[in-house]
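Here are a few friendly notes to read beside the model. Take them in order, with the structure open next to you.

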Amino acid sequence: MKALMHRHRDLCERAVDPLEIAAGLEAHGLTDRAAARFRHRDVFSLAEEMYARVPRDGERPPPSPAPADALRESWAWAAPALLPGVLCTAAVIAFRLTDGRLRLAAAALGALAVALGLRAALARGALRAPARHSPAATRAWTCWLLVYALLGDGLLRAALDGGPHGPWPPATAPLLGLALACAPAIWCARLFAAGARRRLAASRGLTEFTSSVTPLLLAVVALFVCALAALLTLCAAVLHQGAGYAGAGALGTLLLLARLLTAYGHSRAPAVVLGAATAAEATALATAFAGRLPGCGFLATPVRALADAFGTNAVPALVCAPAALALLIHATRTLTRASAHARPPGSP
């Protein structure tokens, strides 16, 4: 026991309750079977003894910040979170009011502005990813999925109809809805982090904590889906375009779960799943064009049948929905562990 306490002395001195020590021990790979060697029935019981044994120089909590400072800090995330939606709205307006080369310039500048706004929105707060847990491949796959949401459906339909014979209209309504959904995504992530921390302080065991956080995670994801659906409806009504509920909704959910997992240090699964979704969409486009080669018409048959039956938006929906489900299952196994919330999301 003395050796164990010496090894985790910093954890014990920093902890504000036994469950935080239990979360740290769990993160270091200590299981209930290992706790039995110290004559404890589980990790939490062992953590309680370690918490009681470590001396502390004053149990008084730090002074709480002033109400004005607390209010300012609690809303500091709002302005950056709104940036992607505001900049994307301006870019869409500029795109629709221009023509020719000016339209291309407006699209390029708009894309750059939205990318910078998104970077600023994700640079702090509940969706901030640790520096070592944001692979370049994940950013590349995300860019592809967003570009496909804007241009992919039109290009796929043109490929199936023998084109493209010229520029095709981009699907600005789904992309604008996704950009506006950055604010509810960050708010939902804050809601999940705050709720998990409260449950971490109130739970009396690791199993109890997991069973209480799992419904919270599912409720937060459902709340985001509802907010995204409302924004897609609004954008479709204003821009007089299809909302693309299935494709854009599945993509938005996929990106939220991928970023949430990355913010908590689980970046491998999002990278793999986003890469697989990108490959699937690229394959759909490739087969549509390859089917126009002599004797290769059969290659485009599955995509053509799907597009004719349910529309071209069925392709991203069929790709992103299983990917989002896979990440949701992974999140219920990783983000509901107490060790995931021992530190705030995005901390190194």
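1. A word on burial comes first: a residue is called buried under 20% relative accessible area, exposed over 50%, and partly exposed in between, using a 1.4 Å probe and protein chains only. By that rule A314, with a relative accessible area of 14%, is buried. A314 sits in helix α16; helices here are DSSP runs (H or I, at least four residues), as strands are (E, at least two), numbered from the N terminus. The C-alpha atom of A314 is 7.1 Å from that of A246, although 68 residues separate the two along the chain.

2. Some ground rules. This is a predicted model, in which local features need pLDDT of at least 70 and side-chain atom pairs count only at pLDDT 80 or more, while totals for chains, interfaces and linings use all residues. Residues are numbered from 1 along each chain as its sequence is written, and side-chain values use heavy atoms, leaving out hydrogens and water.

3. Now the interior. A nonpolar core is a set of buried Ala, Val, Leu, Ile, Met, Phe, Trp, Tyr and Cys residues joined through side-chain atoms within 4.5 Å. The largest one has 54 residues, and F192, L254 and L260 have the most contacts inside it. Two or more residues each come from α9 (136-160), α11 (182-202), α12 (206-239), α13 (245-263), α14 (268-290) and α16 (314-334). Of these, α12 gives the largest share, 11 residues.

4. Which residues does L260 contact, leaving aside neighbours within four places in sequence? They are L127, A189, F192, L217 and L335, where contact means heavy atoms within 4.5 Å. A second, separate core of 11 residues includes L156, A284, L285 and A307.

5. Next, a helix pair. The axes of α9 and α14 come within 10 Å and cross at roughly 20 degrees; axes are lines fitted to C-alpha atoms, for helices over the stretch in contact, with angles from 0 to 180 degrees between N-to-C directions. Because angles under 35 degrees count as roughly parallel, α9 and α14 are roughly parallel to each other. Residues meeting across this pair include W141, Y148 and L156 in α9, and L274, A284 and F289 in α14.

6. Finally, the cysteines. The whole structure has zero disulfides, a disulfide being a pair of cysteine sulfur atoms within 2.5 Å. For C226, the nearest cysteine sulfur is that of C188, 9.5 Å away. Is C226 buried or exposed? C226 is exposed, at 54% relative accessible area, whereas C320 is buried at 0%.

Note on methods:
Parallel < 35°, antiparallel > 145°, perpendicular 65-115°, else oblique.
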